[in-house]
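I opened my notebook to jot down what I looked up in this structure.

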Amino acid sequence: MSKGVGLDIGTMNLVSARMSGKKNEVTLRRMRDLFIDLPQSAKKMLRLGSVSYIEADDNLLVLGDEAMEVANMFGREGRRPLKAGLISADEIDSLTVLGHMVKDVLGDPSHEGEHCYFSIPAAPVDANMDVVYHKGVFTRIVQECGYTAHPANEAMAIVFAETAKEGFSGVGISFGSGMTNIALAISTIEGLSFSVARGGDWIDQGAARSVGATASKMCAVKEKGIDLKAPKNREEEAISFYYKALIEHALDNIAQQFVMKGGHLTLNKPIPIVVGGGTSLAGGFMDFFKEVFETKKKRFPIEISEVRHASDPLHAVSKGMLILAQQEYDED
Amino acid sequence: MIYVAQCLKDIEIKSLRLKLKQGQTFDCTKSQYESSPELKELVGSGVISLKVKNAKSSRLGVHNNRFQVVREPKVVKEVVEKPVIKEVIKEVIKEVIVEKEVIVEKPQLDMNALANVLIQQLGTMISPEAIAEAVAKQMPTQTVVNNNAQTPQSMGSMNTTSDEALTFIPSNIISSKTIVSSESLANETKSEGSDELSDALSALKALRKVKNNE
């Protein structure tokens, strides 16, 4: 097994990536960032149903995808340890759950102190949220798992994973569930990075408000498959509307932040925009993105060579983190 | 209200396009006077004296043969605004400049009312300049308190108490007491043909080498 592991800590999923023994094969381990607590009396039922759980402080906690199934079974909402990209302060069991999820997803280190790069969001420009605690907690968790922890910017991971042919210059956008992370890099150097506190959850909530449904229902509509360019009903139309608003918000902020903070950056040639993240998996998302970008292209302060989807949008961040982890060993 | 301004020196009032010699007078309206800082300054500095037009000596309404009370012409007094002194002390300690000002502003006085009272009471005895000076002393002033009395040592400790250092991060997050029912709850997949990843790693390695050689 190759050394080094990348970890994407997302609001919806935790994904680890490491090179397996075979040439160019990457092993990805994913767990849904969801849990549900059940009383001890439910243990027998969980065993009969072959549902995995952990016992912590007299509680049974079902984690991951199974938590969603159990939640549906009990007619309850699943609990999320992360909210808007950061550790949820409302969830008292967040840390316990996250600790076990990360340990499970990472597995044991191949050697003591194996390098692990994990994603952290940049501070949002449109909300007052502190990433310091989030970063500190995950550093501690990764260390407790036996790794050497390296926090790294989420959107920069997309640049590392997807812009090798451009000499690691480009704008990486990670459309996540909790937030959207953006980074501009020139030859591996991070020139500008920030996030906006809007993502897939924001779309679900907005669309749900518009049609009088619940956010989980909107999420289900989204995950079932939707074509943003050809919505079939009012719910899809509402989702499509909020997708457009999210893309516009992200592009407007890129332009604004570049003018405000990136004026010193010298771009010798046009750079690409590479889009990743689970929220970008909706049908027609890239066409939609390009369409919105075309309307803003004239006044966009950065010369863009092309707009493209990451080759593996859902795993681009974890793969980018893996590249960073592996180069720790190449320098030896 | 119209004022009669009398020059006590040869002067030029640019804002009113006037060149006047000593002793010359000219009329100016109250609004003209109030809108001309130059005129105010000249009055304040005593180069021009200002009096209300047609405020001739008049007798009081009470007449008797013995006493004749004469009211002096009203004297308009100029309130000279005392320049606000703002003192900013910059202290450079180990390339860190911290400027901290606490501006204590005394309550605003109604200067017009104060001036009128003074004019009525003292107009007959004291010159406008003296009144102006007295009023100026009552003008609100800004007091700058410099809280920059930190020593280099205290600055150093301030730097070390950043947000990051102050954030409490709990330990033993992964509890050993927790019982896990199965080996793993994560879904594992293999992503084959990830040449792009190897290419990216090689490109990154090459780029770093070039940068190191430069």
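**Entry 1: a sheet in chain B**

In which order do the 3 strands of the open sheet in chain B stand? Before answering, I noted that this is a predicted model. I read the order as β4-β1-β5 in chain B, with antiparallel pairing.

Next I looked at the edges. β4 (25-29) and β5 (48-52) of chain B sit there with a single partner strand each, so one side of each has no neighbour in the sheet.

Then I picked one pair to follow. Strand β1 (residues 2-7) of chain B runs antiparallel to β4(B), and 5 bridges join the two. As an example, I found B:Val4 opposite B:Asp27 in β4(B).

**Entry 2: where chain B touches chain A**

I moved on to the contacts between the chains. On the chain B side I got 36 residues, in contact with 45 residues of chain A. Which elements of chain B give two or more residues to this side? My list reads α6 (163-166), β12 (179-180), β13 (187-191) and α7 (195-213) of chain B. α7(B) gives the most, with 11 residues.

I sorted the chain B side by residue type too: 14 nonpolar, 13 polar and 9 charged.

**Entry 3: strands pairing across the chains**

In β12(B), I found B:Val180 as the bridge partner of A:Ile54.

How values were computed: Residues numbered from 1 in each chain as written. Chains lettered and ligands numbered in written order. Predicted model: local features only at pLDDT ≥ 70, side-chain atom pairs only at ≥ 80, totals over all residues. Pairing = 2+ DSSP bridges. Helix = DSSP H or I, 4+ residues; strand = E, 2+ residues; numbered from the N terminus. Contact = placed C-beta atoms within 7 Å. Nonpolar A, V, L, I, M, F, W, Y, C, P; charged D, E, K, R; others polar.
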